[in-house]
Amino acid sequence: MQKMPAWAEVVLVPLISLILAALISAIVILAIGENPWTALKLMVDGALGSTYGWGYTLYYATNFVFTGLAVAVAYHARLFNIGGEGQAALGGLGVALVCLYIPWPHWSLALIGATAGAAIAGAAWAAIPAFLQAKRGSHIVITTIMFNFIAAAFLNYLLVGPLKPTGSMDPATAGFPQTTFLPTFQDMFSFGETVLFRGTPANVTFFVAVAACVLVWLIIWRTRLGYEIRAFGHSQPAARYAGIGPTWIIMITMLMSGGLAGLMAINNVMGEAERLILNSVEGAGFIGIAVALMGRSHPFGVLLAAILFGFLYQGGAELAFWTTIPRELIVVIQALVILFTGALDNMVRMPLEAIFGRLSRPPKPDRRSAQSEPSA
Amino acid sequence: MTFMKTLLGATATLAMTAGAALADPAVIFDLGGKFDKSFNESSFTGAQRWAEETGGTFAEVELQSDAQREQAIRRFAEAGYNPVIMAGFSNQTALETAAPDYPDTTFVIIDAVVDQPNVRSVVFDEHEGSYLVGVMAAMASETGTVGFIGGMDIPLIRKFGCGYAQGVMDTNPDATVVANMTGTTPAAWNDPVRGSELTQAQISQGADVVFAAAGGTGVGVLQTAADEEILSIGVDSNQNYLHPGLVLTSMLKRVDNAVYDAMMAGPEVETGVNVMGVANGGVGVAIDENNESLVTDEMMAAVEEAIAGIEDGSIEVHDYMSDESCPAISF
């Protein structure tokens, strides 16, 4: 079957999936007696219609960029890292230790230190499943998801016990010192009397996330290591025959993946909460899977998909504030988008491929799979 | 600049449409959701009572994530809702940050103290209420062993347990208090199965009255106690009706009253720290037709004596949170 043109692959498939998800969501909203058009307007206005909305949308998006990149990088070596949740939680621990126990003179230095702490902690958490996969063949899907639970229990222990200040009820660390507070968009972009991004948590980490996208793109498509990772992903025996060591590739890919997931913590732990709380990741590790799927494991796609999910989160919050739509239904709407863009991808793709195949010249017997990446 | 204008314009429009609801109160429910059969539900009940009595309306939101705490406070304050009420100590940090930005809005926080001129902090003397049910438990127990089942192991719950144990020991110095916590994570607030197991374990240790201060977990404690035909004590709201004749009483923590009072007073609600104790009806024991048969006259007299003692200071109930220790029991 003829391959679709690149624009259809990158734009048309996600767009149609989104429209389908929106239609079903509209039916759901209608069924509970609310007006879907008002709801949509409220979501768009609330998430994209003001700097306030963008401040939240981009904050959530920053989280999802990191976890999305984590899944994407691993996926290039056909490793399915669904341990982003645990790796990001451990990243939070790394950030908390760095911020609490090192007296930083300035936030910029603290940011560098926290970035290192988050990446190292996240990577270390991914290293164990990676080692088990590389040396013992324990399936990475099973081990990473189990490590999520171990991470949650470990953080529970630390936050209820050693890291909690005496007398505090909250299972959380003490607040970080003032010098580690990252500048928010409000600090950066407000001028004179005009306060933009008022009170929103979006912070300088967003630019770290964009930089991470560029870095991942460079590594995957512009370095020898990236080539080896992709070669390994396409065919393990061929890669081995070409002299690429599987142990090395699995380890290095998972370390990068875990490190990226861990980096999320500089946004939510250091940038927003300014202390480490229980369950700080709040499912962003799993959203990362949907983001990577929708972004076709390409950093630019991941960035766009992350912003979309940021929109859904912030728009969902606005729905909760100003309508009587219960929060459970907002989760349903978010889930529908994940379902259509992630799980039901082929439902849209296959008919589209058929249409494009018929539109172009009579198909040549081309056996290339539809799974190849978009050209970078 | 036109893009900027559009953005600002959009914010202004939104603010105006939302401003229609001027000076209505707003309630923020915590992550547990407003029907958690415990704390949040109690504040919902208070808000609902206000709405029914006055015909007023209030805005509400159930939080979905921690990042939304400050967002919800700011959104409601910006839209002109006043007072903005939130239950739960988890909102403390967010309110400390946001409250100074909205000097014209009054905020009410329950179970935490936020030291800002426009914040009313409502705290409860849970140890005093627990002391009262401890007195009743000691008198109702035939084996001389009573149980305490806490939810998540945090200082607040130890405060319940400590006051309870002191009430028991003051009434019957030979009594034994068995205390267990359901867990160390927020999941411990909603684990009735574990609550049931702990009740079984305490029964096998001889307990014949158990006090559950464990949110949704308490439902399992009360159920098992009823199944095994021992007495139980409910918490927060009046849970006597759950198993008539088998729930000795409930330690009332009138979160609903705190919310109701704040809504009644409106934007002019008095700020500062508001302590709800035995004296002003913030905590107490629940007596109704479901437990009349269980409460003897001596019990009633002892409780009233204890209330009088707490009020005039002759009985000093130890507050676990004042020094993180408890003379009556070790956890």
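Mentor: The centres of domain 1 of chain B and domain 2 of chain B, taken over C-alpha atoms, are 32 Å apart. The model is predicted: local features need pLDDT of at least 70, side-chain atom pairs 80 or more, while totals for chains, interfaces and linings use all residues. Residues are numbered from 1 along each chain as its sequence is written, chains are lettered from A and ligands numbered from 1 in the order in which they are written.

Trainee: What are the bounds of domain 1 and domain 2 of chain B?

Mentor: Domain 1 is 2-124, and domain 2 is 126-253 + 281-323. Such bounds come from an automatic or database domain assignment. Seven residues of domain 1 and ten residues of domain 2 make the contact. Contact means C-beta atoms, placed from the backbone, within 7 Å.

Trainee: What makes helix H12 of chain A mostly covered?

Mentor: Ten of its eleven residues, 284-294, are buried. Buried means 20 or more other C-beta atoms within 10 Å of a residue's own; exposed means 12 or fewer; partly exposed lies in between; C-beta atoms are placed from the backbone. Among the buried residues are Ala284(A), Ile287(A) and Met294(A). Their cover includes helices H1, H3 and H4 of chain A. Helices are DSSP runs (H or I, at least four residues), numbered from the N terminus.

Trainee: Why is Asp345(A) called partly exposed?

Mentor: Asp345(A) has 17 other C-beta atoms within 10 Å, so Asp345(A) is partly exposed. Asp345(A) sits in helix H15 (residues 345-359) of chain A. Its C-alpha atom is 12 Å from that of Gly295(A), 50 residues apart along the chain.

Terms used. Helices (H or I, at least four residues) and strands (E, at least two) are DSSP runs, numbered from the N terminus. Two residues are in contact if their C-beta atoms, placed from the backbone, lie within 7 Å.
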